[in-house]
Amino acid sequence: MSDFEKDQENMNEITRGDDTQESPKQKRISKWGVSIVSVSVILIGAILFSIFSPSVINTIARVTLSPAKYYQKIEKANLEKQIDVLSEHYGNYIEAYQDSIDNGTSTETSISTALDSTITTNLGLTGLNNIQATILSSSLGLNSKASISFACNDKDITSLDYYLDLDKEDFFIKVPDLNSAYLKTSFTNAAMEPAPFRTKDIYEFFDNNSLTEELLNKLLKKYSIMAIEEVHNVIVKNGEKVTADNISSDYTKLTVEIDEKTSLSIADKILKTAKSDDELRDLFVKLKIYTKEEYETLIQDSLNDIAAEEANISDEDIIIMTVWIDNKGNIMGRDFSYTEGKEKNSFGYKSVRNGTDLGIEAWLTTEGIEILSGKGTLKLSLNGASGDVKFSYNDQSYGTPHIFNLSMKDVKSQYRDSIHYLDGTFTITSETLSAINVTTSFSSKEKQQDIVIDVVQGGVNLANISIASKYTPFSSFEMPKETDTVYDADTELNEYLSTARIEEYLKDINEKINVEGINSIIDSILYSYSY
């Protein structure tokens, strides 16, 4: 063995050591080494956390950036987070909608109303205790059906079936107890108001996925950021004490002044970009809002209007926006102020958090008068938000504003299977409501949402309304066939009525219902049939 090989072997022995006999010196060095490494990791972690924590990043940005650049950074960061959440929810909804189109969906909704005799007597409906309705609906592709049954005082009264054919833009109604025939009308009926978005258009929009989640996210960020980058007149004030319903904190206050020149610059930049934006143009065309030629003409006309306005631009501020920022760079409130004539108008909100307490305020002021305002404190927990909010509404017809108190308990929103569900209780009280308290309770489980509304006055529950809606396994259905008897509601209504069992139908309802006011109305109708 050469000297070099011996040296290598000795070095390997030293490196390997002895599993059973380790020198005290080696143990001492190992312990110190572990301690030093552990402390170093903790120190490095603390330093990195300090450097990259939101509060430190926000402080560095505020100190190193110009007021305009700081505002743009904050606005972009907050806006992009909101757009990401919005587009994600939109994408989930599109996915769920397309699944329902391809595989079908069914729901069951029940509505029940129990009435106190105080109300029914005053309405001339003595004997009316409760009303119920159950709706079973299913849809698949371009077709859908809903079966609605009605009950009064726990007795089944009648039912009707509703069919919708989006392909032909027709809908059909059938009341089995009245007539075995269908009554049909059309969306394209000249007597109906034309809608910019007809139901078939909406179906095609979602089915063709004209606006994807990615495209929505891209367009919103693109044009929002474009507008933000044109804002340059910003004033920063650090350590501004902001209070919302007795909860206070120090925020950074940004005052953003937008004059006519800035607003025209924003519009000009957005329009010029949109003019060559094929994705945006194609989206408007797919949505049938504009043709390609109309889109291009509209943008060019708008650009011409802006060019004509440039000669008359003033330096006066159009809008002054106040933005409050917490130490982590989150936008916690805004106020928009503008002047019409000699009157100052404003609207906005602010929120301040202290531990689990959240103070909130919102306002709308017109011509120097506070028309609408809200103020309250919520306590946040895993069970939801609880607290009281006071709303004030001034319609200027009374000497004092209307005051409404909203009490919330364990309110929280949950998102399951692309559907939003709500839990918690809301109670509204006000002298304006003649000492009537309205309590609405929301509860959800799996794919069901329940709502209970209680209207109470002087300790008496005047009305109790219960609504339960849930998704159920898909139930197949058949649309009206060509061999079925169908009458056009616009041209053949008399023929439909002539074949209906009107008298027998009304007598049957009259026997089932023991409600004074309804019985008298039906009796009057039946009396007319005897002559």
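1. In this predicted model, D277 and K222 form a salt bridge whose closest N and O atoms are 2.9 Å apart. The pair links distant parts of the chain, 55 residues apart: D277 sits in the loop between α8 and α9 (278-286), and K222 in helix α7 (residues 213-228). D277 is buried, with a relative accessible area of 5%, whereas K222 is partly exposed at 31%. A search of the whole structure finds 16 salt bridges.

2. A second salt bridge to note joins D268 and K272, with the closest N and O atoms 3.1 Å apart. Both residues lie in helix α8, 4 residues apart, about one turn of the helix. An α-helix has 3.6 residues a turn, so residues three or four places apart point the same way. D268 counts as buried because its relative accessibility is 18%, under the 20% limit.

3. Helix α8 itself covers residues 260-275. At 1.5 Å a residue, its 16 residues should span 22 Å, and the end C-alpha atoms are 22 Å apart, which agrees. The N-terminal end of α8 is capped by D259, with a side-chain oxygen 3.3 Å from the backbone nitrogen of K261. The buried residues of the helix are E260, T262, L264, I266, D268, L271 and A274.

4. D357 forms a salt bridge with K379, the closest N and O atoms being 2.8 Å apart. D357 lies in strand β12 (residues 357-366) and K379 in strand β13 (residues 369-381), so the pair ties together parts that are 22 residues apart in sequence. Both ends are partly exposed, D357 at 23% relative accessible area and K379 at 44%.

5. D161, in strand β4 (residues 155-165), deserves a separate check. D161 is buried yet has no salt bridge. The nearest side chain of opposite charge, K145, is 4.8 Å away, and a salt bridge requires the side-chain nitrogen and carboxyl oxygen to be within 4 Å. The D161 side chain does make a polar contact with the side chain of S147, at 3.0 Å. Beyond its neighbours within four places in sequence, D161 has contacts including A146, F172, I173, K174 and P176.

6. Strands β10 (residues 331-340) and β11 (residues 343-354) run antiparallel and are joined by 8 bridges. The bridge partner of D335 in β11 is G348. Their hairpin has 2 residues between the strands, and G341 takes a positive phi near 65 degrees.

7. D102 is in helix α4 (residues 67-103) and is exposed, with a relative accessible area of 55%. The C-alpha atoms of D102 and G141 are separated by 6.2 Å, although the two residues are 39 residues apart along the chain.

Conventions
Residues are numbered from 1 along each chain as its sequence is written. This is a predicted model: local features need pLDDT of at least 70, side-chain atom pairs count only at pLDDT 80 or more; totals for chains, interfaces and linings use all residues. Side-chain values use heavy atoms; hydrogens and water are left out. The expected span of a helix is 1.5 Å times one less than its number of residues. Buried means under 20% relative accessible area, exposed over 50%, partly exposed in between (1.4 Å probe, protein chains only). A polar contact is a pair of N or O atoms within 3.5 Å; within protein, one must be able to donate a hydrogen and the other to accept it, and residues adjacent in sequence count only if both atoms are side-chain atoms. Two strands pair if DSSP finds at least two bridges between them. Lys and Arg count as positive and Asp and Glu as negative; His and the chain ends are not counted. Contact means heavy atoms within 4.5 Å.
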